[in-house]
Every structure is written in C-alpha cells, then in structure tokens.
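Colleague: I've got this model open and would like a close look at one part of it. Could you walk me through that spot and whatever connects to it?

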Amino acid sequence: MDPLCFAVNLLGLLGLIFTIYRGLRSHQEKRVTTWLVITRLIILLLVGLTIY
C-alpha cells in the first residue's frame, strides 16, 4: 500500500471520529447539520480512496 494513501486514510478515519463526536455533542440544530455534512464528505473521501 502506498504510504501517502495510508496516511490520508488514517487522517480521514480520525477526522470521521472527530466529526461524529462533535455532531452528536452539538446542541444547536445548525451545528449538528454542519458536522453531519462534513462527516458525509469524509465518508465520500474514504470510499473514493477504497475504490482507488
């Protein structure tokens, strides 16, 4: 496996955990929506890297 791809996957996984945590702990609806959008973008990145 390419080290760059591995590093991006690792950072994406850590970012995913962080955004899910922040989204679940937010009290305002607008903040929850923002964190969920970021989470979906990270999921798309990770899926794309998996296909690559």
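Where is Ser26 found?

Modeller: Ser26 is in the loop between H1 and H2. Helices here are DSSP runs of H or I with at least four residues, numbered from the N terminus. Before we dig in, some ground rules: this is a predicted model, where local features need pLDDT of at least 70 and side-chain atom pairs count only at pLDDT 80 or more, while totals for chains, interfaces and linings use all residues. Residues are numbered from 1 along each chain as its sequence is written, and side-chain values use heavy atoms, leaving out hydrogens and water.

A polar atom of its side chain sits 2.7 Å from the backbone oxygen of Arg22. That's a polar contact, meaning a pair of N or O atoms within 3.5 Å; within protein, one must be able to donate a hydrogen and the other to accept it, and residues adjacent in sequence count only if both atoms are side-chain atoms. Setting aside neighbours within four places in sequence, Ser26 is in contact (heavy atoms within 4.5 Å) with Arg31, Val32 and Trp35.

Follow Trp35 next. Trp35 is buried too, with a relative accessible area of 17%. Its partner is Phe18: the two form an edge-to-face aromatic pair, 5.7 Å centre to centre with 85° between the planes. The rule pairs rings of Phe, Tyr and Trp (its six-membered ring) if their centres lie within 6.5 Å; planes under 30 degrees apart are stacked, over 60 edge-to-face, and the rest tilted. The count by this rule is one aromatic pair. Phe18 lies in helix H1 and Trp35 in helix H2 (residues 29-51), so the pair ties together parts 17 residues apart in sequence. Phe18 itself, at 46% relative accessibility, counts as partly exposed.

Trp35 also leads on to Thr39, which lies in helix H2: the backbone oxygen of Trp35 is 2.8 Å from a polar atom of the Thr39 side chain. Thr39 is buried, with a relative accessible area of 7%. Not counting residues up to four places away in sequence, Thr39 touches Leu16, Thr19 and Ile20.

One last stop is Thr34, also placed in helix H2. Thr34 is partly exposed at 42% relative accessibility, and its C-alpha atom is separated by 7.9 Å from that of Gly23, 11 residues away along the chain.

Terms used. Helices (H or I, at least four residues) and strands (E, at least two) are DSSP runs, numbered from the N terminus. Buried means under 20% relative accessible area, exposed over 50%, partly exposed in between (1.4 Å probe, protein chains only).
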